Amino acid sequence: MTWVNGITIGIVLVLIGFYGVMTRKNLIKIVLCIDIIFLGLILFFVSIGYVEEGVAPVLGEFTLFVDPLPQTLMLTTVVVGLSTTALALALIIKVYEKYKTLDVRELK
Amino acid sequence: MSGILILLVAVPLMTAFLLSVTALPQKVPHTTLMKLRNVLSVSGMGVLCVILAVCAPAALSGHVLTYTVGGWSPFLGVALRLDAFSFSLVVVSVLVCFLALFYSIPHMGYMRRMGKYDAFYFLMVAGIVGVFLTRDIFNMYVFFEILSISVFVLITAGEKKESYKASLKYLILASLSSALFLFAVGIIYASCGSLNMDYAAEGMKSMVEENPELMYVVFTLLLVSLGVKTSIVPLHFWLPDAHSIAPTPISAILSGIILKVSIYAMVRLFLLCGWQFYSEVSPIIAYTGAATVAVGTLLALVQKDIKRMLAYSSISQIGIIVTGIGIGTDLALQGALFHVVNHALMKSGLFLCAGIIAGQSRTREISKLQMGAPGVAVSFVVLSLGIIGVPPLNGFVSKFIICYGAVQAQYSGLAFIILAASVLSCGYYFRVIQAFFKKKKRRKKTPMYRVSRFMSFPVYILAVLCVILGLFPLIGLQIADLALKMVGG
């Protein structure tokens, strides 16, 4: 078992995202960092169900197969993440119209 | 019989869809559309009430209704479950949402003309009811997201300048908290193999024995993520903005119901780990709860804006509930569950009152408030006495039980903090009540702010419910006791 697998890379992506949310000053970059967190989580989840040399459990004969449940769950998360990002960007447009800035330090 | 459960989620979703369709026709005059929307929303809520009335005898006699969506085995599929605990919270939230809907009929002119407000309102109701009913942890996350996304939109319904900023702040924090929640769900799935709470509970109990470090990670992730949503103390800073800037009916629901949704999730998920693990970690919850009480009360004292003050008061009341959950004895938990219901009724009533009073005196600054309609002022006094905890009202009963439980469990310091906070809360509520009784200045004649019956009746109903629950607390306590058995079992 190597340390370079989907689970660790997913967790590292989540941490990078959190670092970004805390340090970036631009609202759009913060929202993109939240997206990175969700991408990391999706990778983490899909890797949970990974089985070495497993196949996709679709029609046909198979003995060893990967767990399909995390993959189906992640389809939902993709949709949720998409709608949250869309709404966040729409709100950012409104904030820019009202305050004429995207810098969190000036929005206080 | 139990197939009726899916309707509790499906009816608000369907209503939201129908309401969003009413925004389409171009040539119909919008007064007709508004009437159509009112009829649709009221009938949607009415259907929900009927379904709950059908479920009531079974749920209140201690039965558990379960329904597996799509006929999958509960191990893999999504199960819905209605027991006394979820039933009591669903009833309270449907009631408060119904009353706030009446309040918003004359209130939300512009936003409703666009047809967005009602659609998102019902999406939010679907999210609330979904979180209460679901038995699947991932599904709980999905319903939380439905709920939060519609709340982000509803906060901006007043179209004020600050509302966009408050909503964006809430959105960023809520997304981070749901990311942490999802992370915890992933670890639970990896180690238990199922996301159904019944099966996950067994897996988590064996996880406590075999791999306690991982269990602590899961607990911390859940505590932080639900802590952002309930606004326990180091994570509370988004709440005053979002709750005070949102339009009044939405503030009432945010403070009254949506904070309770995450408290419900807390109780459900933490008790899955088993009592042994819970008693190890519960002091952390109890002390953060006490810190929340202290900070919320002290910050409420210095506020000048009435809705901001109510928002900080919510933080301190939520702290009392969290303390009760953290103490973890049967008595304290019973008090906490009763206080959840009480606070939902009282705080939503107070926010609705504050909306009317602030509208009548044309300012939200506490020192410039005026009495306005006497009925509303009386309800405000009753509701705020309830929150402070004056004997014949419901807040007294639940606070007293939590304090009694705290002393019994050797947490006398926490009981002292709760009592001190109650005394201090007189300070900020009486400041508002004092403003009612000052001399009236002659003002220039301005057109009267019309309080329609739709706005004042919900307030009266909530105030009367508080008095009833205060005079006959056994109704609430018996249900809380039954609910507690359901959670433990």
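Biologist: Leaving aside its neighbours within four places in sequence, which residues is B:Asn342 in contact with?
Modeller: The partners of B:Asn342 are B:Asn394, B:Gly395, B:Ser398 and B:Leu469, where contact means heavy atoms within 4.5 Å. This is a predicted model, so local features need pLDDT of at least 70, side-chain atom pairs count only at pLDDT 80 or more, and totals for chains, interfaces and linings use all residues. Residues are numbered from 1 along each chain as its sequence is written, chains are lettered from A and ligands numbered from 1 in the order in which they are written, and side-chain values use heavy atoms, without hydrogens and water.

Biologist: Where is B:Asn342 placed, and is B:Asn342 buried or exposed?
Modeller: B:Asn342 is in helix H14 (residues 330–361) of chain B. B:Asn342 counts as buried because its relative accessibility is 0%; buried is under 20% relative accessible area, exposed over 50%, partly exposed in between (1.4 Å probe, protein chains only).

Biologist: How many helices and strands are there in chain B?
Modeller: Chain B has 19 helices and two strands, as DSSP runs (H or I of at least four residues, E of at least two) numbered from the N terminus.

Biologist: What about H1(B), which of its residues are buried?
Modeller: B:Leu5, B:Leu8, B:Val9, B:Val11, B:Pro12, B:Thr15, B:Ala16 and B:Leu19.

Biologist: And what do those pack against?
Modeller: In chain B they pack against helices H2 (30–60), H5 (116–133) and H6 (137–155), along with strands E1 (65–68) and E2 (79–82).

Biologist: What about B:Gln410, buried or exposed?
Modeller: B:Gln410 is exposed, at 69% relative accessible area. B:Gln410 also has a positive phi, about 65 degrees, and is not a glycine. B:Gln410 lies in the loop between helix H16 (394–408) and helix H17 (412–436) of chain B.

Biologist: Last one: how much of chain B is buried, and what does it span?
Modeller: Of the 489 residues in chain B, 62% are buried. The C-alpha trace of chain B spans about 75 × 60 × 40 Å along its principal axes.
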